[in-house]
Amino acid sequence: MKKLFTAVLFLAVSNLGYSQVIGPIDDQFNSIRQNGVSSIAAIGDTVWISPSLNRNINNGMEWYYPENADSVYNDKGRVFSLALAPDTVIAGLGFSSDSPDGSVPAGYGFYKSIDGGSTWKFEDFPFDNPPSEECQNSSSGYDPDCDIKFTYGGIQYNRVRNNVAQQSPPYATDISGNVILSSVWASGLIRSTNFGETWERVILPPSNVSEMTPDNQYQWIVTINGENYNRYDPRQDNNLLGFGVLIDSQNRVWYGSAAGINISENALTAPIDSISWKHIRFDNSPDGLLADWIIAIEEEPGTGRIWMTNWITTQPQRQGLVYTDDGGETFTQTLIGERINDIGFKDGYIFAAGDNGLFISDDEGKTWIKSPTVKSPNAFIKPSAEFYSVATTTDRVWIGTEDGIASTDDYGKTWEITRVNFPLKGGNIHEPDARNASSYAYPNPFSPTQHELVRIKFEVKNQGNVNVRIFDFGMNLVREIENSSYPSGTYEAVWDGYDGNGRKVANGPYIYVIESNGKKVNGKILVAD
């Protein structure tokens, strides 16, 4: 039995407080595009981030943008996943598609670079051909002849046709030589053996099968109009819904679905109709998975240990992390109860980025410290921020959050913060023609519940006393944020939407007034909770 009872230490630290001024802030023209960074990857001293393929080299001040990648810079494509090798970058692109049920993620294609990001080649997402006109106009119900036919183990099966972008974003991508694998939700697992020139769909086990080999016959049972059919259809089989993928150091393929983890010894090289799988699901055992939905899968360097995040699909499943040292025969459970989005490693330290914060372990996951508010001398990540992604360069750990990027070179003792930098004058690379401003507040309108805080950017031209105050529309004082002396530079005043007595303010317009060296700057904030 390998269950691990994990201790999590929540460090007791004083709140930063939301009535404060932070800075000075360095204005940068080459800035990241947005603060929410869900995908991050690193190789050597270079780190790449979503959504726009920005990169940073050796922790420099500048974030470079992909000049030759119009699909993410000038079009709707956004980076959903990244895979790196020396001089090679593979970016899985998706976009948000409108539907009657609201916005849904969709597949867009893949960007490839073999010169470290100087030039890019775009490959469209590999959709199935549309059905015949006769099938499109059929109103008689399900017609198996309108499906895609595929062969596994010499037996022919039917597969639902996937010729729409919706619900097929490339959530995870990995590369080994010329082989690219991508886990693309409703399209399952797709493989290219010629570096993305062509793609094929990998056949995956039915949810109720623990081992799949080409020696046996299988059924993916679906119910249509009250009748059962053997049809490969992700809408009725959760194991065909892909989220995670990893090619480990032994060339095994690990595919994470909404119905467990799938492990293959030959998925890199075998023909599609001959790939074998071991499929493991939650079984409520102390040395098994915590839950069925496998999001991120990572190999710990130097150990061969495979870590993966577990999300709940149904009760009594639990959220957390598991790892295996024996190829999935047994699992050790840790960080039970935490919804973790990604895992990273550095010199024996483990970093787990989750909805409830950042967790760090230096003893193989036996105990964890929940990092206090991540802050630097002139910036901070808001305490309620969700942590999305982890990557490691030669000497730093990089964390993507919903409120910016944090990096550390001392395992989380101190941090540097990168957030969207939109200068008061001159704009930035993403909007170079923006008009100049003496100050601005963002987000605006501002919801204290949704956004937690609003930041007011302003400039101190000469060292002196700075007084930042919030008034209601009748010019009654609501909150004094700061009244201190500051050197020249660009600053941000932070307000949490509460008055001086600790009460949340009512919805409506508010006025900020900044006094410095006898001059006043003001602006309006609309509070709409």
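Mentor: Let us begin with strand E17 (residues 221–224), whose covered face consists of Val222 and Ile224 and whose uncovered face consists of Ile221 and Thr223. Please bear in mind that this is a predicted model.

Trainee: What makes E17 and strand E18 (residues 227–232) a pair?

Mentor: Pairing requires at least two bridges between the strands. Four bridges join E17 to E18, and the two run antiparallel, so they count as paired under that criterion. Thr223, from the uncovered face of E17, stands opposite Asn228 in E18.

Trainee: Why is Asn284 called exposed? And why is Asp347 called exposed?

Mentor: The label requires a relative accessible area over 50%. Asn284 has 53%, so it is exposed. Asp347 has 54% and therefore counts as exposed.

Trainee: Which peptide bonds are cis?

Mentor: The bond joining Gln315 and Pro316 is cis, with omega about 10°, and so is the bond joining Tyr442 and Pro443, with omega about -5°. Pro316 lies in the loop between strand E24 (306–311) and strand E25 (320–324). Pro443 lies in the loop between strand E37 (439–442) and helix H3 (448–451).

Trainee: E37 also belongs to a sheet. What makes E37 an edge strand?

Mentor: The sheet is open and has four strands in the order E2-E41-E38-E37, with antiparallel pairing. E37 and strand E2 (20–22) are the edge strands, as each pairs on one side only. Neighbouring strands of this sheet are turned by 25° against each other on average, direction ignored.

Trainee: How do you know that E37 pairs with strand E38 (residues 454–460)?

Mentor: Four bridges join them, and at least two are required, so the strands pair. Ser439 has Phe458 in E38 as its bridge partner.

Trainee: Let us turn to the aromatic rings. How many aromatic pairs are there?

Mentor: The count comes to 32 aromatic pairs.

Trainee: Why is the pair of Trp63 and Trp398 called edge-to-face?

Mentor: The centres lie 5.9 Å apart and the planes are at 90°. Trp63 lies in the loop between strand E5 (54–57) and helix H1 (70–73), and Trp398 in strand E34 (residues 397–401), so the pair ties together parts that are 335 residues apart in sequence. Both Trp63 and Trp398 are buried.

Trainee: What makes the pair of Phe125 and Phe127 tilted?

Mentor: Their centres are 4.8 Å apart and their planes make an angle of 45°. Stacked planes are under 30 degrees apart and edge-to-face planes over 60, so 45° falls into the tilted class. Phe125 has a relative accessible area of 4%, which is under 20%, so it is buried. Phe127, at 33%, falls between 20% and 50% and therefore counts as partly exposed.

Trainee: How do you know that the charge of Lys76 sits over the ring of Phe95?

Mentor: The charged end of Lys76 is 4.1 Å from the ring centre, and the distance limit is 6 Å. Phe95 also belongs to an aromatic cluster with Trp48, Tyr108, Tyr111, Trp120 and Phe122. Elsewhere, Arg455 lies over the face of Phe380, at 5.1 Å from the ring centre.

Trainee: Finally, why is the protein chain called as compact as a globular protein of its length?

Mentor: The chain has three helices and 43 strands. Its radius of gyration is 25 Å, close to the 24 Å that the globule rule gives for 529 residues, so the description holds. Of the 529 residues, 54% count as buried.

Key. Residues are numbered from 1 along each chain as its sequence is written. This is a predicted model: local features need pLDDT of at least 70, side-chain atom pairs count only at pLDDT 80 or more; totals for chains, interfaces and linings use all residues. Side-chain values use heavy atoms; hydrogens and water are left out. Buried means under 20% relative accessible area, exposed over 50%, partly exposed in between (1.4 Å probe, protein chains only). Axes are lines fitted to C-alpha atoms, for helices over the stretch in contact, and angles run from 0 to 180 degrees between N-to-C directions. Rings of Phe, Tyr and Trp (its six-membered ring) pair if their centres lie within 6.5 Å; planes under 30 degrees apart count as stacked, over 60 as edge-to-face and the rest as tilted. A charge sits over a ring if NZ of Lys or CZ of Arg is within 6 Å of the ring centre and within 35 degrees of the ring normal. The radius of gyration is taken over C-alpha atoms; the globule rule is 2.2 Å times the number of residues to the power 0.38.
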